[in-house]
Amino acid sequence: MTIHISEDGRRFHLTNGRISHIMAVAEGKLVNLYTGAAIPDDGTVDFGYLIDDRFRVQASTIGEGGRRYAEQQRFEYPEFGCGDYRHPAIEAVQGNGSRISDLTYVGYTVSDGKPTLDGLPSTRATAVFREVDDAAASDGAGRAESAAPTIGGGDTGDAADATGAMTAGPAAASPDAQTLTVDLRDELTGLTVRLRYTIFRDEPVIARSALLRNDGAAPLTITRAASLNLDLPDADYEMIAFTGAWARERTPQRQPLHPGIQQIESLRGASGPYFSPNAIIARPDTNEDAGEAFALAFVYSGNFDLHAEVDTYGATRLQLGINPFGFAWRLDPGETFQTPEALLGYTDHGLNALSQTFHRIVLDHLQRPAWARRERPVLINNWEATYFDFTEDRLLDLAALAAKAGIGLFVLDDGWFGARTSDRAGLGDWIANPDRLPNGIDGIARRINALGMDFGLWFEPEMVNEDSDLYRAHPDWVIATPGRARSVYRHQYVLNFANPRVVDAIYARMHAILSDANVAYVKWDMNRFITEAFDATRGAERQGELMHRYILGVYALYERLFAAFPELIIEGCASGGSRFDYGILAYSPQVWASDDTDAVERLAIQYGTSYFFPVATMGAHVSITPNHQTGRSESLAMRAAVAMFGTFGYEMDLTALGEGELAEIAAQVAFFRTHADLLHNGDLYRLRAPYDHRQAAWMCVAADRSRAIVGDYVILGVPNRPKSRLRLRGLEAGRRYRVRSTDGAFDAVRSGGELMCVGIDDTDLGPDFAARVYLVDAR
Ligand code: GLA
């Protein structure tokens, strides 16, 4: 892994043999020369020819007397107003109303490791450092305690002055990441933008973010600050976005780029169910196993904007960041604004390889080490078993059967607190309801623990029912616009998490419950989006900050809970999977993927989710049949064969089952636990997409390729089914494997080559809603 810097400090090449990102300073501007597959660079190659400076009619130059034309440059962090008519990465409104800026290169630093981002989740490297943002704190020479950054500057300023001091944690002997920072400055306003590029040693991924600092004398209002801008030289791509709604989250949609803008976004105050804040930009012939693609992923849970703009010359500008709609952040002199992190990944080996890269980034660089790659308990959740209708004894009956089946965690869902016997009341009153839980949370937790199980609890920290003590005491804590009606969903309002007092109060209540009882797990739900956005604690000039401050409040609560309870598992949830993103995954090892627990629907939801999210992160439960969302009936075996390709659990009334089914569940739990490591840490290969409602298949392969587990499904069978062969992936061609299906229908020894090229004949699988799980073991 290297970050090559040319001798004159004006060309930067980040590469690790799997990806290259090359930039240069041209006419004072930071421009992109190339991003894609790794290009060899011994330091002598001049990539300057990649700058497009041919004259075009109607094209304005960069600056007076400039030789280059703004509209055809591939900028790293473009502004609007100086001849580039595409959407800018940044916009800063000044005292006189002007929105023009002109960012020119100041200097750079290179450091081992990766900085943390203030108040925001981000990926990690072994060496972590914190930048000191205030340049005044610098003694004039950039430094790091054990990993001295290389410093360079342009001819417009002294780099050391511009880059600020750094303090570094101990650098790894062979760093697993390196960070290049490049500072740009708008001389007229004093706005400084520090672009950060971290390249990971082992993955074709570059993490990017921008730190804005007002070094001028007058306030600025930032109305746009992308986390990532990538200008590509052509437009021969398709965008794969993941779209949906409640109960049908994250279905891939693949569409060619076209002149103009293709955009996905959220304006809900959460990443939302409509679009996941990630996308793949693939060549038209790219498939699961071959071909080129970029992936963009946002480490953020709020309003986002991800778009591809194909310009008048057939080039593509990709942008990802906080959604500029309604966003306005006041930056007083001396203040900084940190954008969230965006990840850029690249593959020339197809989409399975791209997903595997991002799965490793999540498991090894994003998730909290406390639970990343660590086996989590199989759980039972009482929601679909009881809904709001339960007593402690009823819960214990359910838990006792679950314990007998080997389930390790009992989760008490909604309805345990305040006056919450329906969704009309009590939200926000995080005190156990004594009618239901006479011995409080501690009492039920002890009884559950006595069964040999961990205990978990549902919260919806960000919300309040109007009929609640919390609302009666603090009606001004909800997000509402003065003088306007307040939209309601599920009889609840959104608390203003942009107000630190609100976060303090919710933290205090959660802390009291969690420190009073042995709670191993929290389900953090979030069931409605923000309406009538207004922050009653701030003035007119700061209203555009609410949506971002709200998410910062959510992250702050997560941080405080983990500071107090480092081993706690917090499962994310938002009416199912409506806030399933890399921001939440930085805290939650698992996220409830959807309220839709129907196995057939889950095939589609988990398949789509898997493009960016590892199997280990997808909350998936076996539920009752007929299914509560679809009315469909599927065998217990089929339901488990789908849920095990997720964080496996149950959500059904076990007391309504017979001995036979309970024994089957015990066997499923034992099977899952035996293979949990392979399912959760293996490389996932998508084999057959479920979107034609006919069939689906996927598999997980151990890193050493000695073992694999395959899920093979028929959704709607075809009469007289044509010959079908399931071709496996990821095995060693020359190795021999025994392949057994758990239903006993298939047992054979074949070479990896046969399994991948010929495949397993599964013509007999069916008719409807059928599943077969194969275990593959090297001989
Ligand atoms: C949401 C969640 C469900 C359940 C209910 C409880 O809908 O997605 O899993 O927790 O809330 O009210």
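By class, the shell around the ligand consists of 4 nonpolar, 3 polar and 6 charged residues, where Ala, Val, Leu, Ile, Met, Phe, Trp, Tyr, Cys and Pro count as nonpolar, Asp, Glu, Lys and Arg as charged, and the others, Gly among them, as polar. The model is predicted, so that local features need pLDDT of at least 70 and side-chain atom pairs count only at pLDDT 80 or more, whereas totals for chains, interfaces and linings use all residues. Residues are numbered from 1 along each chain as its sequence is written, and side-chain values use heavy atoms, with hydrogens and water left out.

In total, 13 residues surround the ligand, the closest being D413, D414, R490, K523 and D595; a residue is near a molecule if one of its heavy atoms lies within 4 Å of it.

| Residue | Protein atom | Distance |
|---|---|---|
| D413 | side-chain N or O | 2.6 Å |
| K523 | side-chain N or O | 2.7 Å |
| G576 | polar backbone atom | 2.9 Å |

Taken alone, the ligand exposes 310 Å², and the protein buries 96% of that, with accessible areas from the Shrake-Rupley method and a 1.4 Å probe.

The largest nonpolar core has 203 residues, and those with the most contacts inside it are Y77, L212, I280, W416 and Y582; such a core is a set of buried Ala, Val, Leu, Ile, Met, Phe, Trp, Tyr and Cys residues joined through side-chain atoms within 4.5 Å, and buried means under 20% relative accessible area with a 1.4 Å probe, protein chains only. Helix α8 (residues 546-564) gives the most to this core, with 9 residues, helices being DSSP runs of H or I with at least four residues and strands runs of E with at least two. Leaving aside neighbours within four places in sequence, Y582 is in contact (heavy atoms within 4.5 Å) with residues including F298, Y300, L343, F358 and F612. A second, separate core of 19 residues includes Y685, A697, A708 and Y737.

Q338 lies in strand β23 (residues 336-338) and is buried, with a relative accessible area of 9%. A polar contact of 3.0 Å joins the side chains of Q338 and R196; the term denotes a pair of N or O atoms within 3.5 Å, of which, within protein, one must be able to donate a hydrogen and the other to accept it, and residues adjacent in sequence count only if both atoms are side-chain atoms. The side chain of Q338 also reaches the backbone oxygen of A210 at 3.3 Å.

How values were computed. Buried < 20%, exposed > 50% of the residue type's maximum accessible area, 1.4 Å probe, protein only.
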